[in-house]
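Try each task before reading its solution.

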Amino acid sequence: MSAETYHAIRCDQRTNGERCGEEWGHPVRVANHRELRRHLKDRGWRRTRDGRDLCPKHAGHKAA
Ligand SMILES: [Zn+2]
């Protein structure tokens with residue numbers, strides 16, 4: 001198995017039944033998803049208590 005893995009997180013926000021689909025992915029050298037999430041948190045992403053990932057646009061900021 002390769003040590004370098006492509007990790008990607010996708011926004012799970014749905015509006016009118018349509019998924020936002022905003023994706024943050026980067027072939028970064030992170031050991032696991034937890035490390036990637038810390039990375040994302042620094043960039044405004046958020047993980048909800050029910051396990052959804054939200055892009056900075058939907059991470060609790062008021063809609064523009
Ligand atoms: Zn989004």
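Predicted model: local features only at pLDDT ≥ 70, side-chain atom pairs only at ≥ 80, totals over all residues.

Residues are numbered from 1 along each chain as its sequence is written, and side-chain values use heavy atoms, with hydrogens and water left out.

**Exercise 1.** Find which atoms coordinate the zinc ion, and work out the arrangement of the four donor atoms.

*Solution.* 
- Step 1: C11 (SG), C20 (SG), C55 (SG) and H58 (ND1) coordinate the zinc ion at 2.0 to 2.4 Å. Donors here are N, O and S atoms within 2.8 Å of the metal (3.2 Å for Na, K and Ca).
- Step 2: Along the chain, these donors have the spacing C-x8-C-x34-C-x2-H.
- Step 3: The angles between the four donor atoms run from 103 to 119°, so the arrangement is tetrahedral (all angles between 85 and 135 degrees for four donors).

**Exercise 2.** Describe the surroundings of D12: is D12 buried or exposed, and which residues does D12 touch?

*Solution.* 
- Step 1: D12 sits in the loop between strand 1 and strand 2 (strands are DSSP runs of E, at least two residues, numbered from the N terminus).
- Step 2: With a relative accessible area of 19%, D12 is buried (under 20%, using a 1.4 Å probe and protein chains only).
- Step 3: Leaving aside residues up to four places away in sequence, D12 touches R19, G51, R52, D53 and L54 (heavy atoms within 4.5 Å).

Definitions and conventions
Tetrahedral: all angles 85-135°; square planar, octahedral: opposite > 155°, others 65-115°. Helix = DSSP H or I, 4+ residues; strand = E, 2+ residues; numbered from the N terminus. Buried < 20%, exposed > 50% of the residue type's maximum accessible area, 1.4 Å probe, protein only.
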